[in-house]
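Please look at the sequence and the 3D structure below before reading on.

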Amino acid sequence: PMEPVTGKASWLGPGALTTDLSDEEIRSRVEKAIQDVPHAVGMNHHMGSKVTADERIMRIVLDVCKKHGMFYLDSKTTGKSVIPKLADELKVPYLENGLFFDDVYTKEHIGQQATKLAAKLEKDDSMVAIGHVGVTGTMIASMLKDFIPVYEKEANIVPLSDLIPEYHLIDESMP
């Protein structure tokens, strides 16, 4: 979880990255998050429009990703994200979200987004779409149950790491 420009601090949960933290605390929290999910090969942010526009913080986050051989998925919660620039500079593999299923929490909107994704798959080589498991989780699960067969007519559903051809797990902390 990362600090947004607007939103409630209570939405962040434990271990969140906020712009008032020191470099050391940011690094410590990202390292702890990786330790908490030891088999993860990549990471992304929940919320984060303020943090992902902050070069100081994202440089640390992406540096830790690189150290652990991880990729980063930019949820694109802001058009001001510094992630593409820094990931290129630091040589960290990254992907970008192309569609939020539930940026509006209604069944109608989620269905419209699902239909929009189906249309995009007809012309795009790859596409990343994000939905949440919280408030809208059951609506998204229900919608995906209906739409996965539609998506599979145009695309293969793959792990994100498969969308990064040059991606290899390299943990520089290992001897």
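In this predicted model, helix α4 passes helix α5 in a right-handed crossing. Helix α4 covers residues 107-121 and helix α5 covers residues 137-154, and their axes, which come within 10 Å, cross at roughly 15°. Angles under 35 degrees count as roughly parallel, and α4 is therefore roughly parallel to α5. On the side of α4, the contact is formed by Lys107, Ile110, Gly111, Ala114, Thr115, Leu117, Ala118 and Leu121, which meet Met139, Ile140, Met143, Phe147, Val150, Tyr151 and Glu154 in α5. Sorted by class, the residues in this contact of α4 with α5 are 11 nonpolar, 2 polar and 2 charged.

A second pair is made up of helix α1, residues 23-36, and α2, whose axes come within 10 Å and cross at roughly 40°. Because of this angle, α1 is oblique to α2, and the crossing of the two is right-handed. From α1, the residues Asp23, Ile26, Arg27, Val30, Glu31 and Ile34 take part in the contact, while α2 contributes Arg56, Ile57, Ile60, Val61, Asp63, Val64 and Lys67. The contact of α1 with α2 holds 7 nonpolar and 6 charged residues, with no polar ones.

Helix α2, residues 55-67, also has its axis within 10 Å of the axis of helix α3, residues 83-90, and these two axes cross at roughly 45°. It follows from this angle that α2 is oblique to α3, and α2 passes α3 in a right-handed crossing. Here Glu55, Met58, Arg59, Leu62, Asp63 and Lys66 in α2 meet Ile83, Lys85, Leu86, Ala87, Glu89 and Leu90 in α3. The residues of the contact of α2 with α3 comprise 6 nonpolar and 6 charged, and no polar ones.

The crossing angles can be set side by side in a table.

| Helix pair | Crossing angle |
|---|---|
| α4 and α5 | roughly 15° |
| α1 and α2 | roughly 40° |
| α2 and α3 | roughly 45° |

Which residues are the closest to the centre of the largest pocket? This pocket has a volume of about 620 Å³, and of the 24 residues that line the largest pocket, those closest to its centre are His46, Met47, Phe100, Tyr105 and His132. When the lining of the largest pocket is sorted by class, there are 9 nonpolar, 13 polar and 2 charged residues.

Definitions and conventions. Residues numbered from 1 in each chain as written. Predicted model: local features only at pLDDT ≥ 70, side-chain atom pairs only at ≥ 80, totals over all residues. Heavy atoms only, no water. 1 Å grid on protein atoms, 1.4 Å probe; cavity = no way out; pocket = protein on both sides within 12 Å on 5 of 7 lines; lining within 4 Å. Points joined across faces, edges and corners; volume = space filled by probe spheres on them. Nonpolar A, V, L, I, M, F, W, Y, C, P; charged D, E, K, R; others polar. Axes fitted to C-alpha atoms, helices over the stretch in contact; angles between N-to-C directions. Helix = DSSP H or I, 4+ residues; strand = E, 2+ residues; numbered from the N terminus. Parallel < 35°, antiparallel > 145°, perpendicular 65-115°, else oblique. Left-handed = near helix turned anticlockwise from the far one by under 90°. Contact = heavy atoms within 4.5 Å.
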